[in-house]
Each structure stands twice: as structure tokens, then as C-alpha cells.
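The stops below can be selected one after another.

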Amino acid sequence: METTSARRSPSARLDQYHSLLVQRHLLRNYISHSIEGGLYMGGFRFIAAETIGPAMVATLGGPDWLVALMPVLSMFGYIFPQILMAHYIQGMSRHMPYVTLIGVFQRLPLLAAGLVLLLADHHRVAALAAVALAPLTSGLIAGFGVNAWQELVAKTVPPARRSSLFAARNMMAATIGLGAGGVVAAVLRHHPGPAGFGLLHLITFGFLAVSLAVFLFIRETPYPKPPVRHAETFGDSLRQMPRLIRADRRFATYLLADACMAGIYIMMPFLGIHALEVLGKPTEYLGFLLIFHTVGGIAGNLVGGAAGDRCGGKVILVLSQTAFLTICVWGPLASRSVEFLALFFLFGCAQTWLSIGKQTVGLEISPRQSRATYLAILGCINVPATLIAWLLSYAAWHATHSFAWVAGLTALFLVVSAALLWRVPDPRREYRVRPAA
């Protein structure tokens, strides 16, 4: 027994040293992560993928399939690079320089799109291309660094503070979103069409540039032991992934639950369009819907941050599923402005809880020694799931133009996801009996 303890003590001392180092820089890093993320996500509220993006495409005369695709374009972009880079990121001792370099290039497509839209006032195809390619290209570049950023968060913020960190980031983004709603309404009222959309993209780029400057204040706290690279090549990494899934039943069940949550993208692109059609409102009304969506996000962060730190991410995911199911049932029945404002408030809560829950559970369910690979698998599973959701969304809307159909399909996926998530043991409980990763 003493021999075993002695063998383990050097490792334990290294872990303790790292924990002390994290605590020493926690305030600085917590604030920097929060402000950087808040500015980054808040900037995107001016071209919000779930409300403004689909409406931009519809206004420019884009096809239904592109309208349905807008909320997931950036996701399609960044998923494949995660798999490609997992083995490389797994072996990094420092992640900050790499994430910074990727951060520069992932912001430039928003600047390019803004300039193209300002110059493409009478060129519908060019304007549509700019609106669609900006999130796709930015997401593609971001995909090369997202797992490195997640590792940076994991090594600089302890598990019991991550939910509130993600909530703080979302809270700042939501606060910016409150102003964004009014700005969107004003810009589109005075500059309808591509010119207004271009200004919104340039505003987004401005926020993203400032967020990168704040990111540089983060103090990286490297792990005291050299990282272990389990796969030396991309091919090795791919062959390793199925083995990891087969060996970890809890993770496999969570993968399926997470994949089914992609069903929200069946309904999401058409909630704002449905509101405009039912109420007979002009496009600028989206700004007011965005305001209530943002207020809902603030309320969701207040609940999600505290509950996530205390109870773990799984509880927050359950709240998100419940809220989305409520939207699916209530949305087709709504007929008054106050109902749609309430729906967008709940929409904001649901999205916030989903974001906090997924990020928290993703870090908690992934062992430190294979975290980059686990997170890449989580990202990878969303490719077929989101593609199926998009195809169902486009097919249902194109055939019926009925929000009830897309909401019903979303509800079906949510029920299956909830049943699977119920079977996943809460990862947070393990942190009470083993060292934090």
C-alpha cells in the first residue's frame, strides 16, 4: 500500500501544482475568457444564424434549401477540420499561440462579406454568395482550432467553474444582443437589402476584432506532464475513434442523444419566418423578436450558470429539451404578437441552456488524456445528424410551407434525445470522487 502511494505521489504533486497554478491565474483568465467569448458571440447577434440569416436569404430571393441551411452552415464548416487536427492537438503542450493564429483568419470572412454586400446592391447572386459563404468559411477555419480552444479552457478553468464561465460568456453576448435587436431594426429600415446586410456584417467583424484583442490577455497554464499523443497520423486517429466509442458505453449513448438534439435545426430556420407570415409584419420586426430572444438568453444564463456549476451540465440539457419541446407545441398555435415574443424569449432560454449544457458535459465526459479526440468525435457526429435535420427541414417546408410539420418533426427527435440522455450517468458525479481533469 505504501509503495503504491509512493509511486502515485509524484503525479499527485504535479496535479496539485497545476491546480495551484490555475487558481493563481483564475480571476484573470475567467474574466478574459468571459469578455472575449461575449464579444465574439455578441457580434454574431447582428447576423444571427437562427433568425437574421434565414431572413436575409429569403429577402434576397434565395431558395428554400439555402434558407433551411443557414443556421447550420458554420457548423458544417468546422466539423471536419476537428477530426483532421485531433491527433495533432492532442500532442500540443501549449495551445494559446495556435488558437490565436486561427482566430485571426476565422474573422476575415466577415469583413469580406460586408464589403461584397455593400458593393453588390443590384447583384443578387453575389449578395447571396456573400451571406452564405461568410459563416461557412469562418466555420471551416475555426474548425482547425476549436479543439485547441476547448483544451485551453479545460486547462485554465477548473470543472466547477466552467458552467458559470460559459454562462458569463453567453450573458455578455445576450446583453450585446439587446442592443443588436434595435440596431438591426434601424439598419434594415434605413438601408434595406444588401447594403443593410453588409453593414450588419461589418459591425459583426468589429466586435470579433475586439474579442481577439481581449483573448490575448489569457494566461495559459500548461499541464505539468507532457501530453500523450495516442495517434501519430490522421489515419491512426480515425482508427482509434471507433475503439473509444465501443469501450465507453456512456459516451456512446451520449453521442446518440447529442445527435438527436440536432432535430432542433428542422424547426429553427422557420420560426422567425413563421412569425412574420402569421402576424403580417415587415422584415424589420425581426429586430424586436431578436430583443426578446436575447432577454431569454440572459434569463437562461442566470439559471444555467448557477445550476450548471452546482449540478452539472446534464441538468441544463434537460431544461433545454423541455423548452424546445414547448416551442414545438406552442409555435404552430400562436397567433398574436405577444405569443411570438414569449416564444422567442423561451427560444433564447433553450439555446442558452443547450450551449452551456453541451460545452460543460463535453469537457466533463472526455478524459484528459484523450480529450481532443473525444471532442472531435462529438463534433463529427453532428455532421450526419445535422445533414439529416437540414434535409428533413427543407423537404417538409418545401412540400407544405407548414410550420406545424417542421415543429412536429423536431419534437419527435427531441423526445428520442431525452430518452437517451436519461440513460447517461451524470459525469459531474465523477468529479466528486476523482481529480479534476
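What follows is a tour of helices, a loop residue, a surface patch and aromatic rings.

This is a predicted model, in which local features need pLDDT of at least 70, side-chain atom pairs count only at pLDDT 80 or more, and totals for chains, interfaces and linings use all residues. Residues are numbered from 1 along each chain as its sequence is written, and side-chain values use heavy atoms, with hydrogens and water left out.

Start by selecting residues 249-261, helix α12. Helices here are DSSP runs (H or I, at least four residues), numbered from the N terminus. The 13 residues of α12 reach 19 Å from the first C-alpha to the last, close to the 18 Å expected at 1.5 Å a residue; the expected span is 1.5 Å times one less than the number of residues. Because 10 of its 13 residues are buried, α12 is largely enclosed by the rest of the structure. Buried means under 20% relative accessible area, exposed over 50%, and partly exposed in between (1.4 Å probe, protein chains only). Among the buried residues of α12 are R250, F251, Y254 and M261.

Next, select N147 in helix α8 (residues 146-156). N147 is buried, at a relative accessible area of 0%. Setting aside neighbours within four places in sequence, N147 is in contact with Q82, I89, A372, L375 and A376, where contact means heavy atoms within 4.5 Å.

Move to H401, in the loop between α17 (371-400) and α18 (403-422). Most residues other than glycine have a negative phi. H401, not a glycine, has a positive phi of about 50°. Its relative accessible area is 44%, so H401 is partly exposed.

For the surface, show L101, V104, F105 and L108, a nonpolar patch with about 350 Å² of accessible area together. The areas come from the Shrake-Rupley method with a 1.4 Å probe. V104 lies in helix α6 (residues 96-119) and is partly exposed at 35%.

Finish with the aromatic rings. Rings of Phe, Tyr and Trp (its six-membered ring) pair if their centres lie within 6.5 Å; planes under 30 degrees apart are stacked, over 60 edge-to-face, and the rest tilted. The count comes to seven aromatic pairs. The rings of Y285 and F288 have centres 6.3 Å apart and planes at 45°, so this pair is tilted. Both residues lie in helix α14 (residues 285-311), three residues apart, about one turn of the helix. Y285 is buried at 9%, whereas F288 is partly exposed at 41%. Lastly, select F324, F344 and F347, which form one aromatic cluster.

How values were computed. Helices (H or I, at least four residues) and strands (E, at least two) are DSSP runs, numbered from the N terminus. Patches are made of residues with over 30% relative accessible area and no salt bridge: like charges are joined within 9 Å, nonpolar side chains (Val, Leu, Ile, Met, Phe, Trp, Tyr) within 5 Å. A salt bridge is a side-chain nitrogen of Lys or Arg within 4 Å of a carboxyl oxygen of Asp or Glu.
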